[in-house]
Amino acid sequence: MTAFISRILAIIMTLISIIMPVKPNNTELTVKEMTAESSTVVFTCVNNTGRKIDRPDVKCIERKVDGQWEEVDISFSRTDIGYSVNPGMECTDSVSLCRWNDDTETPEYATLSEGEYRLTVVYAVSGATGQTSAEFTVK
């Protein structure tokens, strides 16, 4: 009986995955307006994948220089632990910007200078990895 139920569940899960395919890159990302004095990036991620996504996390921040995107040499710090975002829901999160101080051998809060930037966030969804980006301006 247990083997029969396991087979039925496997068939149901297969049918669901066919009917509702994973769209790992189907999310919306926005970044709260920042000033040059801010050392925190606040972003909102809306899950439109049709599946639960696990812990959206910052991959990189890039700055537009002469029309080209260049990665900013900066680290990110956050104090929360992993979480999930259900389909159709959104999460607002933040990361603190840090740079390593060679003199004191400690991280220090950092800021971004005025300019155009792009934030890229990665997340896991049903065994796949998705990512999304949003452009923002630091004034």
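Is Cys45 buried or exposed? I started there and noted that Cys45 is buried, with a relative accessible area of 0%. I keep in mind that this is a predicted model.

**Cysteines**

I looked for disulfides next. A disulfide is a covalent bond between the sulfur atoms of two cysteines. For Cys45, the closest cysteine sulfur belongs to Cys91 and is 5.1 Å away, too far for a bond. The cut-off I applied is 2.5 Å between the sulfur atoms. My count of disulfides is 0. I also looked up Cys98, which counts as buried at 12% relative accessibility.

**Salt bridge**

I then turned to charged pairs. Side chains of opposite charge can pair when their charged atoms come close. I counted 1 salt bridge in the model. Arg118 and Glu62 form a salt bridge, and their closest N and O atoms are 2.8 Å apart. Arg118 is in strand β9 (residues 115-125) and Glu62 is in strand β3 (residues 53-65), so this pair ties together parts that lie 56 residues apart in sequence. I checked the accessibility of both partners. Arg118 is partly exposed, at 22% relative accessibility, whereas Glu62 is buried, at 13%.

**Negative patch**

Which residues gather in a patch of negative charge on the surface? I wrote down Asp102, Asp103, Glu105 and Glu108. I found Asp103 in the loop between β7 (90-101) and β8 (106-109).

Technical notes: Residues are numbered from 1 along each chain as its sequence is written. This is a predicted model: local features need pLDDT of at least 70, side-chain atom pairs count only at pLDDT 80 or more; totals for chains, interfaces and linings use all residues. Side-chain values use heavy atoms; hydrogens and water are left out. Patches are made of residues with over 30% relative accessible area and no salt bridge: like charges are joined within 9 Å, nonpolar side chains (Val, Leu, Ile, Met, Phe, Trp, Tyr) within 5 Å. Accessible areas come from the Shrake-Rupley method with a 1.4 Å probe; for residues, only the protein chains shown count as cover. A salt bridge is a side-chain nitrogen of Lys or Arg within 4 Å of a carboxyl oxygen of Asp or Glu. Lys and Arg count as positive and Asp and Glu as negative; His and the chain ends are not counted. The place of a charge is taken as NZ of Lys, CZ of Arg, CG of Asp or CD of Glu. Helices (H or I, at least four residues) and strands (E, at least two) are DSSP runs, numbered from the N terminus. Buried means under 20% relative accessible area, exposed over 50%, partly exposed in between (1.4 Å probe, protein chains only).
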